[in-house]
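Student: I would like to go through this model with you and ask, for each label, what value stands behind the label and which cut-off it is set against.

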Amino acid sequence: NISNSHAETGDGGGFDAEKGLKVSTGSFLNLENLNAGSHGGGFIAFGEVEIAGKSTVNISNSHAETGDGGGFDAEKGLKVSTGSFLNLENLNAGSHGGGFIAFGEVEIAGKSTVNISNSHA
């Protein structure tokens, strides 16, 4: 659980994952009330973001002030699989991708769910 964190002028309000992020095997990641001065309100990942194995990622009330990806910025793409759940609520970005931005392929498979609500760029 990461909450009430800020990257004043940089990327990744909650954290910066230089090689990507994998949430797997029934894991839960909750990010709330985060702010990045640039990209990735919740987090930025320079590798692929993968959510698998009935895992849940919840990001809420976060924003990227002047950049992309109010919830997160996935530089190499996003894969949500095997019954996993990605929930993005109340997010905004100053530029592109209120919920998230992915510069690689986005794949949602295997009875997984992605919910984006009350988010804008």
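Student: What makes E10 and strand E13 (residues 113-117) a pair, and in which sense do they run?

Tutor: Two strands pair if DSSP finds at least two bridges between them, and here 5 bridges join E10 to E13, which run parallel. Within this pairing Asn87 stands opposite Asn115 in E13. Strands themselves are DSSP runs of at least two residues (E), while helices are runs of at least four (H or I), and both are numbered from the N terminus.

Student: What should I know about the origin of the model and its numbering?

Tutor: The model is predicted, so local features need pLDDT of at least 70 and side-chain atom pairs count only at pLDDT 80 or more, whereas totals for chains, interfaces and linings use all residues. Residues are numbered from 1 along each chain as its sequence is written, and side-chain values use heavy atoms, with hydrogens and water left out.

Student: Which strands form the open sheet, and what makes some of them edges?

Tutor: The open sheet has 4 strands in the order E2-E5-E8-E11, with parallel pairing. E2 and strand E11 (100-102) each have a single partner strand, so one side of each is left without a neighbour in the sheet, and they stand at the edges. Between E5 and E8 there are 3 bridges, again parallel, and Ile44 stands opposite Asp73 in E8.

Student: Why is the ring pair of Phe15 and Phe43 called stacked?

Tutor: Rings of Phe, Tyr and Trp (its six-membered ring) pair if their centres lie within 6.5 Å, and planes under 30 degrees apart count as stacked, over 60 as edge-to-face and the rest as tilted. A search of the whole structure finds 3 aromatic pairs. For Phe15 and Phe43 the centres are 5.0 Å apart and the planes are at 0°, so the pair is stacked. This pair links distant parts of the chain, with Phe15 in strand E2 (residues 15-17) and Phe43 in strand E5 (residues 43-45), 28 residues apart.

Student: Why is the pair of Phe43 and Phe72 given a label of its own, and what is that label?

Tutor: The ring centres of Phe43 and Phe72 are 5.1 Å apart with planes at 0°, so this pair is stacked. Phe72 lies in strand E8 (residues 72-74), 29 residues from Phe43. Ring pairs link Phe15, Phe43, Phe72 and Phe100 into a cluster.

Student: Are Phe43 and Phe72 buried or exposed?

Tutor: Buried means under 20% relative accessible area, exposed over 50%, and partly exposed in between (1.4 Å probe, protein chains only). Phe43 has 1% relative accessibility and therefore counts as buried, and Phe72, at 1%, counts as buried too.

Student: How do you know whether Asn30 is buried or exposed, and what does its side chain touch?

Tutor: Asn30, in strand E4 (residues 28-36), has a relative accessible area of 10% and is therefore buried. Its side chain makes a polar contact with the side chain of Asn1 at 2.6 Å, where the cut-off is a pair of N or O atoms within 3.5 Å; within protein, one must be able to donate a hydrogen and the other to accept it, and residues adjacent in sequence count only if both atoms are side-chain atoms.
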